[in-house]
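User: Hi! Could you walk me through this chain in a few questions and answers?

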Amino acid sequence: MNIKEFLSNKKGASGIGTLIVFIAMVLVAAVAASVLINTSGFLQQKASTTGKESTEQVASGLQVTGVTGVNSTDSENITHIVAYITPNAGSSAIDLSQAKLFVTYNGVSAVLKANESAIDGTSGTPDVLSATLLSNTSATEYQVVSLQDFDGSVAKNQVINKGDLVAIAISTGQVFSSTKGIPTRAHVSGKLQPEFGAPGIIEFTTPATFTTKVVELQ
């Protein structure tokens, strides 16, 4: 073999080696690109889902528009309170049957659940604080009364959505049985916590005297 043939064979061997290395690099790059594409797609979907859930969590919630107390004729204490609840602006529908009501007074923190059935008061009621509407309250349950419910979601499934207004009745006489309700100059705090979203806050101090049966508290 002369020198010219040797150099020609050497160049051919080098070319095959380079081709093999090139193909290997292409395959590695393809695998890496596939992994990156799959990972980026998964992360994008995850971020989209997380963003949607975060937006729903932040935007949704309940707000308390007022709290009224009942001073019964045979007691100097507030034996029932009614909180008026409406969803926040832009809130998703909220299932009140799954919401928990936390109420704290005099070192006692009670957790109440919703009564199994809501009372439909959309046609009007002469007294939202009447004994009939408050009869389903107990030491562990609060009563939902729909006051404004165009689609009937509250009366049917206790689901509150845009435009709805409900009354939440609480028997403080049974919840705080040791004091037979809430006396004068007492501080009460609480919140109606839905499954997701911001809770409706209840916080008030009862007046120095109860001059009427119905007392505006918040």
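Here is a short tour, in questions and answers.

User: Before we start, what kind of model is this?

Analyst: Happy to explain: this is a predicted model, in which local features need pLDDT of at least 70 and side-chain atom pairs count only at pLDDT 80 or more, while totals for chains, interfaces and linings use all residues. Residues are numbered from 1 along each chain as its sequence is written, and side-chain values use heavy atoms, with hydrogens and water left out.

User: How many helices and strands does the chain have?

Analyst: Helices (H or I, at least four residues) and strands (E, at least two) are DSSP runs, numbered from the N terminus. One of the helices is H1, which covers residues 3–59. In total the chain has 4 helices and 12 strands.

User: What share of the contacts with a separation of 6 or more comes from residues 24 or more positions apart?

Analyst: A contact here means heavy atoms within 4.5 Å. Among those with a separation of 6 or more, the share from residues 24 or more positions apart is 66%.

User: What percentage of the residues is buried?

Analyst: Buried means under 20% relative accessible area, exposed over 50%, and partly exposed in between (1.4 Å probe, protein chains only). The chain has 218 residues, and the buried share is 38%.

User: Which residues does Ile168 contact, leaving aside its neighbours within four places in sequence?

Analyst: Ile168 is among the residues with the most contacts inside the largest core. Its partners, with those neighbours left aside, are Ile81, Val82, Ala83, Ile85, Leu101, Tyr142, Gln143, Val144 and Leu192.

User: How many residues are in the second, separate core?

Analyst: Tyr84, Ile119, Ala167 and Ala169 are included in this second core. Its total is 6 residues.

User: Is Thr206 buried or exposed, and which backbone nitrogen does its side chain reach?

Analyst: Thr206 lies in the loop between strand S11 (200–205) and strand S12 (214–216), and it counts as buried because its relative accessibility is 4%. A polar contact is a pair of N or O atoms within 3.5 Å; within protein, one must be able to donate a hydrogen and the other to accept it, and residues adjacent in sequence count only if both atoms are side-chain atoms. A polar atom of the Thr206 side chain lies 2.7 Å from the backbone oxygen of Pro183. At 2.7 Å, the side chain of Thr206 also reaches the backbone nitrogen of Ala186.

User: Where is Arg185, and what is its phi?

Analyst: Arg185 is in the loop between helix H4 (172–175) and S10. With a relative accessible area of 62%, Arg185 is exposed, yet it is one of the residues that Thr206 touches. Although Arg185 is not a glycine, its phi is positive, at about 55°.

User: Which backbone oxygen does the side chain of Thr86 reach?

Analyst: Thr86 is placed in strand S2 and is buried, at 15% relative accessible area. Beyond four places in sequence, its contacts include Leu62, Gln63 and Ile160. At 2.9 Å, the Thr86 side chain reaches the backbone oxygen of Asp164.

User: How far apart are the C-alpha atoms of Gly197 and Gly61?

Analyst: Gly197 is found in the loop between S10 and S11 and is buried, with a relative accessible area of 7%. Gly197 and Gly61 are 136 residues apart along the chain, but their C-alpha atoms are separated by 4.3 Å.

User: Is Ala89 buried or exposed?

Analyst: Ala89 is found in the loop between S2 and strand S3 (94–95). Its C-alpha atom is separated by 9.1 Å from that of Leu62, 27 residues apart along the chain. Because its relative accessibility is 76%, Ala89 counts as exposed.

Definitions and conventions:
A nonpolar core is a set of buried Ala, Val, Leu, Ile, Met, Phe, Trp, Tyr and Cys residues joined through side-chain atoms within 4.5 Å.
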